[in-house]
Amino acid sequence: MAYCQTAVSSDDSPLLSDLHRQIDGCTRCALSTGVTHYVPGMGTEKTDIMIIGEGPGKNEDLKGLPFVGASGKFLDVLLDSIGLSRDRVYITNVVKCRPPENRDPKEEEILACNAWLEAQILLINPKIIVTLGRFSMAKFLPGVTISKVHGQPKRRASDGRIIFPCYHPAVALYNGSMRAVLLEDFTRLATVLSQISS
Ligand code: SF4
């Protein structure tokens, strides 16, 4: 099912550009010491949909953009499968700097970077937040297991936003059967998006 949304500009707003500039150069945690580029996020603030992954990998670090490697290509496939594209959503990660050797982000790094993520959420004000992987899911749905909740929308009592947990697209690169799971979850996402925009 395709989710149809009014076409929007992919240009950053001055406020979003300013926030990206503030993130660029942050030294709140040790991850800043190894970066080639900070990876604040990409997309438009004029969207109902924010997508949050884990952290930049090698390609993202080199280009300063999120999800530009192999898992990013599959994210594009997932978006396209429901009639969306990168310039109609906003994409970021829980940490904006690449963890060395692509290790998982540490709790203290996620905590240090949380103020940036909160500022992005406040500015974009999405109706739905799609979490990719367990680290971004844990911020919004602590204590749950991704295998039990993926593809199931939860409304957050504190602000009414819908949290839509999904596996990280990278899992489909290592386990081909997860490709179908993610595609099915995005089909469910399209249904939720249609409901909130009607
Ligand atoms: S990961 Fe976040 S908190 Fe840590 S240095 Fe980078 S931008 Fe700052």
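These legends describe close-up views of a predicted model.

**View 1**
Six strands make an open sheet in the order 1-3-2-4-6-5, with mixed pairing. Strand 1 (42-43) and strand 5 (154-155) stand at the edges. Each has a single partner strand, so one side of each is left without a neighbour in the sheet. Strand 1 pairs with strand 3 (residues 90-93) in the antiparallel sense, over 2 bridges. In this pair, Gly-43 stands opposite Tyr-90 of strand 3. Helix 8 (residues 177-197) packs on the sheet. Helix 8 touches strand 4 (128-132) and strand 6 (162-166), and its direction makes about 170 degrees with that of strand 6.

**View 1. Strand 6 and its two partners.**
Strand 4 and strand 6 run parallel and are paired over 5 bridges. Strands 5 and 6 form a hairpin with 6 residues between them. Gly-160 lies in the turn and has a positive phi of about 80 degrees.

**View 2. Both faces of strand 6.**
Side chains in a regular strand alternate between the two faces of the sheet. In strand 6, Ile-162, Phe-164 and Cys-166 are buried on one side. Ile-163 and Pro-165 are buried on the other, so both faces are covered. Buried residues make up 5 of the 5 in strand 6, so the strand is largely enclosed by the rest of the structure.

**View 3. Phe-164 and the largest nonpolar core.**
The largest nonpolar core has 45 residues. Ile-51, Val-130 and Phe-164 have the most contacts inside it. Two or more residues come from each of these elements: helix 1, strand 2, helix 3 (70-81), strand 3, helix 4, strand 4, strand 6 and helix 8. Helix 4 gives the most, with 6 residues. Leaving out residues up to four places away in sequence, Phe-164 touches Ile-128, Ile-129, Val-130, Pro-153, Leu-189 and Val-192.

**View 4. Helix 4, from end to end.**
Helix 4 (residues 107-124) has 18 residues. From its first C-alpha to its last it reaches 25 Å, close to the 26 Å expected at 1.5 Å a residue. A kink of about 40 degrees is centred on Asn-114. Asn-125 follows the helix, with a positive phi near 50 degrees.

**View 5. The buried residues of helix 4.**
An α-helix has 3.6 residues a turn, so residues three or four places apart point the same way. In helix 4, Glu-109, Ile-110, Ala-112, Cys-113, Trp-116, Leu-117, Gln-120 and Ile-124 are buried. Their cover includes helix 1 (14-23), strand 2 (49-53), strand 3 and helix 5 (134-140).

Ile-121 touches Met-50 and Pro-126, not counting residues up to four places away in sequence. Tyr-90 is 31 residues from Ile-121 along the chain, and their C-alpha atoms are separated by 9.8 Å.

Note on methods: Residues numbered from 1 in each chain as written. Predicted model: local features only at pLDDT ≥ 70, side-chain atom pairs only at ≥ 80, totals over all residues. Pairing = 2+ DSSP bridges. Helix = DSSP H or I, 4+ residues; strand = E, 2+ residues; numbered from the N terminus. Contact = placed C-beta atoms within 7 Å. Axes fitted to C-alpha atoms, helices over the stretch in contact; angles between N-to-C directions. Expected span 1.5 Å × (residues − 1). Bend = angle between axes of the 7 residues up to and from the residue. Buried ≥ 20, exposed ≤ 12 C-beta atoms within 10 Å, placed from the backbone. Core = buried A, V, L, I, M, F, W, Y, C linked by C-beta atoms within 7 Å.
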